[in-house]
Amino acid sequence: MKVAICGGGIAGLSTAFYLSRLIPTCQIDLYERDSRLGGWLQSVNIPTATSPTGNVLFEQGPRTLRPSGLAGLATVDLLKQLKMEKSIKPILKDSSSAKNKYIYYPDRLNVVPSSGFQALKSVVQPAFRAVPYALLRDLFQKKKVGNEDESIGSFMERRFGKMFTHRLISSLINGIYAGNLYSLSMQSTMFGFLADIERKYRSVILGIVLASIRGEMLNEKQKLLKTSLLKNEHTNELFKSLRSSPMVSLEGGIESIISHLNADFSASSNVKVRFNQPVTRLALSASKDKIEVNNCQYDYSVFAMSSDSLSELLPCPAMNTPTTSVYVVNLFYQDASVLSYKGFGYLTPLHLPNNPNHILGVVFDSEQSNPEQGAKLTVMMGGHNYAKDPKSIPTTPEKAVSYATEAIKQSLGIYTSPDVANATLQRNCIPQYKVGHQHQLDNLQSWVDDNLRGRLHLTGSWYNGVSIGDCILNGYKTAQDIALKAQ
Ligand SMILES: Cc1cc2nc3c(=O)[nH]c(=O)nc-3n(C[C@H](O)[C@H](O)[C@H](O)COP(=O)(O)OP(=O)(O)OC[C@H]3O[C@@H](n4cnc5c(N)ncnc54)[C@H](O)[C@@H]3O)c2cc1C
């Protein structure tokens, strides 16, 4: 059997990996437009005499993985199978990084409560003033009539009120999607399960408690996937050992997953990576029993590029999945004491006064791992704000660094200039699942099934979850689906 994978980001690579394990005789061609693999996974080492290691490791894209939930289980499985368990750097539950997360509002850091007792105390902080009202409102609020999708903003306002939604939920959405909660789909984003809970239990808070006690957090399909992943007892052990770590990072950077995958492919005879070979053509063969990628024929193909390129290659219904761009500014200070806060970092809400450069959040990277023995921060800017205010996009990396340092002067009191700075505009990097995303996906899927006779499989961060874990889980599912068809 021959399979073509289109796109060498984590979604395409994990599909290739699982497929090569499930069907060792399968010949897999992986097409990548660029001369490198990994897509948004970009860890860079910048030489500097100011660090005892001789360089500083910056993440220009993702930096942490969640080892919990179904997507977390798939991530742990991939790391285990790639023999990367020793590279996992757990961020333990009781570490300052896991315990102290902040919201910057309106002109100070507010600590996100990490326990019930802290939650009671937190209401004196401006960002959390709305919490008691939000909890009471949810207990008495009626449930929505009908099943149609709505925006995250509309759901959260209905259930918890406007102030809670603006100050807390919008900060979370800035951090995860760099998006606007009033246009993102409730059903298709990470909060989708809350809509199901409201439907069943009316109160979201009570529903979460009851659903977890009754083991209802996963549907039947998800339970099957979980069982299948846990069959590997080594994965099971590692997954259990990471229970007390809400997040992990990787020694050598997140991109090290990609080098391990690439090494695995080089060592195997059945995966061939075709660098610098963009996919420019996708079509069903004249005999209708093969799919053609560029000029080669395959039994199946997996599409792991962006949704825009899918509608450029095929006359299928276009997805309305725009993307946001993020300016990522990495800063390193030799003097670790410049950072006086302990914790993971802070996020900002939607309507933050005095935020002309659209700071979305700041991650305190050196709090999670600090081989450089200094202070390392990442400032993220822009997101959905760049679409409505394009003039605010810094025109040079130097300008981006100056906006970022200005912001941390104000929020963290850091007046010193960084010893090393690195700024990258990540254009169109985070897909925005708009209200109605699932309906569009269903239409697209039936077009693909009807017109390409099940020969094309869809995956990637535009499809069913934007995190690395989601992409790996979809890779696992896609490989299983193809293996099933091949039987
Ligand atoms: C700044 C930032 C921070 C993030 N932080 C986190 C985080 O902390 N944790 C987390 O879990 N997730 C995070 N994410 C999300 C996560 O990194 C991405 O969703 C994920 O990497 C997307 O992977 P992908 O394979 O779907 O897409 P991509 O990474 O975009 O890969 C697509 C690949 O297809 C290739 N390609 C495109 N066109 C063609 C063509 N015509 N022919 C052949 N190849 C082509 C591209 O070159 C690329 O290699 C972050 C993302 C960003 C941008």
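How many Å apart do the C-alpha centres of domain 1 and domain 2 lie? They lie 32 Å apart.

## Ground rules

This is a predicted model, where local features need pLDDT of at least 70, side-chain atom pairs count only at pLDDT 80 or more, and totals for chains, interfaces and linings use all residues. Residues are numbered from 1 along each chain as its sequence is written, and side-chain values use heavy atoms, with hydrogens and water left out.

## Two domains

Domain 1 covers 2-41 + 255-321 + 434-486. Domain 2 covers 42-65 + 81-127 + 243-252 + 323-431. These bounds come from an automatic or database domain assignment. The domains touch: 18 residues of domain 1 are in contact with 17 residues of domain 2. Contact means heavy atoms within 4.5 Å.

## The parallel sheet

Strands of a sheet pair through backbone hydrogen bonds, either parallel or antiparallel. Here, 5 strands form an open sheet with parallel pairing, in the order β9-β2-β1-β13-β19. Strands (E, at least two residues) and helices (H or I, at least four) are DSSP runs, numbered from the N terminus. Two strands pair if DSSP finds at least two bridges between them. At the edges stand β9 (271-274) and β19 (456-458), each pairing on one side only. On average, neighbouring strands of this sheet are turned by 20 degrees against each other, direction ignored.

Strand β2 (residues 27-31) pairs with β9 over 4 bridges, in the parallel sense. Ile28 stands opposite Val271 in β9. Helix α17 (residues 468-486) packs on the sheet and touches β1 (2-6), β13 (300-303) and β19. The direction of α17 makes about 160 degrees with that of β19. Axes are lines fitted to C-alpha atoms, for helices over the stretch in contact, and angles run from 0 to 180 degrees between N-to-C directions.

## The antiparallel sheet

Another open sheet has 3 strands in the order β10-β11-β12, with antiparallel pairing. Strands β10 (282-284) and β12 (296-298) each have a single partner strand, so one side of each is left without a neighbour in the sheet. Neighbouring strands of this sheet are turned by 30 degrees against each other on average, direction ignored.

Strand β11 (residues 291-293) is joined to β12 by 3 bridges. Glu292 has Gln297 in β12 as its bridge partner.

## The second largest pocket

The second largest pocket holds about 300 Å³ of space. On a 1 Å grid over the protein atoms alone, a cavity is a set of points where a 1.4 Å probe fits but cannot get out, and a pocket is an open set with protein on both sides within 12 Å along at least five of seven lines; lining residues have an atom within 4 Å of a point. Grid points are joined across faces, edges and corners, and a volume is the space filled by probe spheres set on the points.

Which residues lie nearest the centre of this pocket? They are Leu57, Lys89, Leu250, Ser369 and Lys376, out of 21 lining residues. Strands β4 (55-59), β8 (247-250) and β17 (375-383) each supply at least two residues of the lining. The largest share, 4 residues, comes from β4. The lining divides into 4 nonpolar, 10 polar and 7 charged residues. Ala, Val, Leu, Ile, Met, Phe, Trp, Tyr, Cys and Pro count as nonpolar, Asp, Glu, Lys and Arg as charged, and the others, Gly among them, as polar.

## Backbone exceptions

Most residues other than glycine have a negative phi, and most peptide bonds are trans. Tyr105 and Pro106 are joined by a cis peptide bond, with omega about -25 degrees. Pro106 sits in the loop between β6 (101-104) and β7 (109-111).

Asn276 has a positive phi, near 55 degrees. Asn276 lies in the loop between β9 and β10. Arg453 also has a positive phi, near 50 degrees. The loop between α16 (437-452) and β19 holds Arg453.
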